[in-house]
Amino acid sequence: MTAAPDQKARPFRAIPAAQGGVQGTARGLAGAVRVPGDKSISHRALIFGALAVGETRVTGLLEGEDVLRTAAAMRAMGAEVERLKDGDWRVWGVGVGGLSEPEDVLDMGNAGTGARLVMGLVASHDFTAILTGDASLRRRPMGRVIEPLSRIGARFDGRRGGRLPLAVIGTAHPLPIEYELPVASAQVKSAVLLAGLNAPGITTVIEPEPTRDHTENLLRHFGATVEIEKTKSGGRIVRLTGQPEFRPSSISVPGDPSSAAFPMVAACIVPGSAVTLQNVGLNPLRIGLFDTLQEMGADFTITNRRDEGGEPVADILVRHTPLKGVTVPPERAPSMIDEYPILFAAAACAEGDTVVRGAKELRVKESDRLALMARGLKACGVDLDEFEDGLVIRGKGRPPAGGASISTELDHRIAMSFLVLGMAAQNGIAIDDARVMDTSFPGFIALMQGLGGTLEPVA
Ligand code: S3P
């Protein structure tokens with residue numbers, strides 16, 4: 001999120017409902033809500049629509065800052081991208097390989113996914129694009145995509161450590177490559193596949209641990225040939241046949257499980273709660289948090305299972321119940337990578353130790369999430385140890401005292417995690433700036449207030 005200097009930060013706090021003094025407010029959270037559309041699928045829907053000749057319609061698109069930046073980037077490279085009404089968008093694409101050079105710098109805001117996917121796209125086009133972003137994105141490592149995209153033939157000129165702003169000098173003669181991911185990252189996998197779309201022959205990505213497969217699903221949806229082979233060691237080999245003819249399509253974006261995670265944990269930790277989350281995406285490669293919460297003793301009832309645009313979705317009723325600490329298997333990390341901050345909030349209320357290791361990637365997200373969560377939780381009175389690759393949180397079986405004011409460092413998930421914990425913590429919790437949540441969850445505060453949560457601006 002790039003805030004203009006004259007726009008002031010919006011400090012906010014959450015306090016337990018009983019203290020809110022709102023007449024008639026039930027102590028627990030209650031109601032049925034729909035969370036905004038899936039961020040990963042929304043970025044990809046716009047990108048794929050931009051590569052198909054003709055009209056692609058997208059419904060349920062997440063209209064968060066991150067996705068709006070991708071929409072602007074696709075427009076700047078020649079696609080027509082139009083908002084019809086809430087969540088309902090139309091894209092007129094230019095064909096695989098048909099993007100054109102943007103006239104100006106592409107500002108990707110806070111979005112790591114948007115930046116890395118666009119780098120992949122540009123890599124196999126015969127033009128140059130310059131990408132930048134906000135202070136958080138400019139700190140994030142891009143070497144992980146620069147390395148494979150250079151093998152395809154693109155060149156890069158950027159700041160030390162491959163950081164933004166950087167220029168991607170695309171190649172007119174992209175090579176199909178075979179690439180084994182050194183980190184479990186759907187962003188890197190997707191950047192290579194997007195570059196491979198405009199290369200002749202077969203581009204192969206080998207992932208030792210499976211990561212979210214929305215790119216593969218949408219590639220098929222638009223008519224590309226993608227083969228997926230499961231390896232004996234639990235990984236996947238993805239083979240994409242380059243230069244397909246994309247057919248325009250319609251896409252219905254399910255609710256984002258990573259956003260549903262916040263009201264879900266709020267219902268788990270605020271006594272007396274019963275909250276239904278409607279239309280939540282349940283892609284098997286995204287539901288590590290749900291499994292973990294169930295192991296902690298969470299009370300979920302899943303109904304209305306169905307298929308929406310090739311992705312499984314359902315409604316989930318979550319009732320408050322005491323949680324117990326668990327050890328999260330490190331191999332679960334890719335399926336819950338964005339949910340660790342809110343898991344840490346749940347662990348802070350659970351009885352016993354929650355052990356998270358093998359999650360070093362959290363140090364290079366929108367912020368260093370291990371450091372920020374450890375610091376914030378300690379300030380709220382939580383007993384924990386921080387490791388290079390995880391945290392051990394020693395819960396007392398009740399919410400911590402809270403009372404802290406948290407610096408969110410442009411990280412939406414840090415902001416939402418502490419506001420959720422603040423709804424249970426005795427003295428509430430404040431964050432320094434509520435604007436950051438607009439990147440992935442516009443309307444978060446109103447949604448939580450609608451469920452009976454007490455969230456209010458700090459004067
Ligand atoms: C995403 C992949 C994940 C995730 C991010 C969205 C995607 O990043 O953290 O929020 O849409 O591909 P990595 O693949 O780098 O782990």
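Guide: Start with strand S15, which is joined by six bridges to strand S17 (residues 311-319), the two running antiparallel. This model is predicted: local features need pLDDT of at least 70, side-chain atom pairs count only at pLDDT 80 or more, and totals for chains, interfaces and linings use all residues. Residues are numbered from 1 along each chain as its sequence is written, and side-chain values use heavy atoms, leaving out hydrogens and water. Strands (E, at least two residues) and helices (H or I, at least four) are DSSP runs, numbered from the N terminus. Two strands pair if DSSP finds at least two bridges between them.

S15 covers residues 274-281 and also pairs with strand S2 (residues 30-34), this time parallel, over five bridges. Look at Ala274 in S15. Opposite it in S17 stands Arg319. Ala30 also stands opposite Ala274.

Now step back to the domains. The assignment, automatic or from a database, gives domain 1 as 12-36 + 254-457 and domain 2 as 39-240. Their C-alpha centres lie 29 Å apart. At the meeting place, 23 residues of domain 1 are in contact (heavy atoms within 4.5 Å) with 26 residues of domain 2.

Asp66 counts as buried, because its relative accessibility is 1%. Buried means under 20% relative accessible area, exposed over 50%, and partly exposed in between, with a 1.4 Å probe and protein chains only. Leaving out residues up to four places away in sequence, Asp66 touches Lys39, His43, Asn110, Ala111 and Thr439.

Next, the cores. A nonpolar core is a set of buried Ala, Val, Leu, Ile, Met, Phe, Trp, Tyr and Cys residues joined through side-chain atoms within 4.5 Å. The largest has 82 residues, and Ile269, Tyr340, Phe344, Leu377, Met437 and Phe444 touch the most other members. Helix H9 (residues 257-269) gives the most to this core, with nine residues. Apart from it lies another core of 65 residues, including Ala115, Tyr179, Leu181 and Ala191.

Ala191 leads on to helix H7, where it is one of the buried residues. Of the 12 residues of H7, 12 are buried, so the rest of the structure largely encloses this helix. H7 (residues 186-197) should span 16 Å at 1.5 Å a residue, and its end C-alpha atoms are 16 Å apart, which agrees. The expected span is 1.5 Å times one less than the number of residues. At the start of H7, a side-chain oxygen of Ser185 comes to within 3.3 Å of the backbone nitrogen of Gln187. That is a polar contact: a pair of N or O atoms within 3.5 Å; within protein, one must be able to donate a hydrogen and the other to accept it, and residues adjacent in sequence count only if both atoms are side-chain atoms.

End at Arg159, in strand S8 (residues 155-159). Arg159 counts as partly exposed, because its relative accessibility is 42%. Its side chain reaches the backbone oxygen of Arg138 at 3.2 Å. Arg159 and Arg138 are 21 residues apart along the chain, with 9.3 Å between their C-alpha atoms.
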